[in-house]
Amino acid sequence: DWNMGQVLEEQMEKLKAQVGPDDHVICALSGGVDSTVAATLVHKVLGDRLHCVFVDNGLLRFNEQQRVMDTFKNHLHLPVLCVDHSKPMLDRLRGVSDPEAKRKAIGAEFIEVFKNYATELEKTLGRKPKYLVQGTLYPDVIESCPPPGSGQKHSHTIKSHHNVGGLPKDLQFELVEPFRELFKDEVRAIGRLLGVPEQFIKRHPFPGPGLAVRVIGDVTEDGKLDTLREVDEIFVNTIREYGLYDEIWQAFAVFLPIKSVGVQGDQRSHAHVVALRAVTSGDGMTADWYSFTPAFLRDVSNRICNKVRSVNRVVYDITSKPPGTIEWE
Ligand code: XMP
């Protein structure tokens with residue numbers, strides 16, 4: 001792609017101009033396309049002055065840590081440290097049920113990790129890393145803080161994306177955000193130019209605050225996260241089996257804070273309800289719910305209720321964006 005080749009060149013030049021010859025940079029990898037492509041770009045320019053960290057925040061999908069660390073090491077050859085921050089994160093989220101409060105808490109906890117990581121690096125490098133790389137996209141910027149007078153319909157925050165609105169004012173890092181003006185498709189094109197494997201480029205987006213925005217209300221009780229992981233894994237695997245993964249922008253399950261009555265075996269049950277969401281989209285700013293066949297919906301619902309003991313009801317979200325957002329929180 002000629003255009004994206006030029007954008008890539010420009011961003012690499014900009015990075016050389018922004019970061020001094022002795023400065024070091026840290027990057028938090030989420031396992032998603034944006035941060036991975038951002039890190040690959042920065043690594044190409046700065047080499048071993050880039051230090052990547054993958055944070056297990058306790059809000060990851062099934063086996064996500066192993067999958068992602070394996071890709072970084074074996075396919076992308078990026079040096080990445082894995083930090084387990086699940087306990088402090090889940091402790092901090094205990095009892096927090098307001099969606100924005102959850103997002104802010106998660107953002108603040110991420111910043112804690114970056115600060116600690118920077119302090120550790122300072123011991124070996126003899127200087128503090130000055131920059132933080134983020135894979136922020138144009139839609140993240142728009143939806144977190146639309147520019148005044150931009151003619152944007154939304155004059156207020158829709159959601160504080162953890163990598164934009166969730167950052168504290170006294171952040172001790174300067175931000176490196178090579179994709180602030182780009183859409184996801186463009187980042188994917190740049191990733192291809194940089195040799196990021198196709199299977200990684202095509203991964204569905206996953207939000208920074210992770211499964212926390214897919215458990216409605218408080219996330220820390222009753223094995224909610226584990227139930228959600230199981231359901232999500234069945235849903236996405238079924239989509240892959242049916243060959244639909246690449247047609248869909250994003251597909252995931254949502255854990256609802258209600259129980260319903262059902263009958264499982266010959267027994268009355270009182271168990272959880274989960275919602276499935278799948279959408280098509282060009283850029284994440286608008287989206288249409290995906291029309292699965294009735295046969296698919298029947299199959300996936302049976303699989304979930306048969307395998308996940310704590311779930312006795314599955315519903316499918318038929319809301320487009322707008323009026324719904326893609327994530328439920
Ligand atoms: P919404 O729910 O706002 O989501 O329609 C649009 C797209 O953005 C993703 N998303 C996030 N990505 N940090 C991210 O990196 C966040 O805080 C965040 N919140 C939502 C969402 O998954 C969808 O692809």
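Helices (H or I, at least four residues) and strands (E, at least two) are DSSP runs, numbered from the N terminus. This is a predicted model, in which local features need pLDDT of at least 70 and side-chain atom pairs count only at pLDDT 80 or more, while totals for chains, interfaces and linings use all residues. Residues are numbered from 1 along each chain as its sequence is written.

Figure 1. Pro323 lies in the segment after β9. Pro322 is also placed in the segment after β9, a strand that spans 311-316. A cis peptide bond joins Lys321 to Pro322, with omega about -15°. The bond between Pro322 and Pro323 is cis as well, and its omega is about 10°.

**Figure 2. The whole protein.** The protein has 10 helices and nine strands. Its C-alpha atoms fill a box of roughly 70 × 45 × 45 Å, taken along the principal axes. The radius of gyration, taken over C-alpha atoms, is compared with a globule rule of 2.2 Å times the number of residues to the power 0.38. For 329 residues a compact globule would have a value near 20 Å, and the protein agrees because its radius of gyration is 20 Å. Buried residues make up 39% of the 329 residues; a residue is buried if 20 or more other C-beta atoms lie within 10 Å of its own, exposed if 12 or fewer, and partly exposed in between, with C-beta atoms placed from the backbone. Two residues are in contact if their C-beta atoms, placed from the backbone, lie within 7 Å. Among contacts between residues at least 6 apart in sequence, 72% join residues at least 24 apart.

**Figure 3. Asp34 and Ser35 in the annotated binding site.** An unreviewed UniProt entry lists Ser30, Gly31, Gly32, Val33, Asp34, Ser35 and Thr36 under "binding site". UniProt positions are given in the numbering used here, feature names are shortened, and annotations may be inferred rather than shown by experiment. Asp34 lies in helix α2, which covers residues 33-46, and Ser35 lies in helix α2 too. Asp34 counts as buried because 26 other C-beta atoms lie within 10 Å. Ser35 is buried, with 23 other C-beta atoms within 10 Å. Leaving aside neighbours within four places in sequence, Asp34 is in contact with Gly135, Leu137, Phe179 and Val187.

**Figure 4. The residues around the ligand.** The ligand is surrounded by 15 residues, the closest being Pro207, Gly208, Thr325, Ile326 and Glu327. A residue is near a molecule or strand if its C-beta atom, placed from the backbone, lies within 6 Å of it. By class, this shell has four nonpolar, seven polar and four charged residues. Ala, Val, Leu, Ile, Met, Phe, Trp, Tyr, Cys and Pro count as nonpolar, Asp, Glu, Lys and Arg as charged, and the others, Gly among them, as polar.

Figure 5. Asn63 has a positive phi of about 55° although it is not a glycine. Asn63 sits in the loop between β2 (50-56) and α3 (64-76). Asn63 is exposed, with 11 other C-beta atoms within 10 Å. His77, likewise not a glycine, has a positive phi of about 55°. The loop holding His77 runs between α3 and β3 (80-84). His77 counts as exposed because it has 9 C-beta neighbours inside 10 Å.
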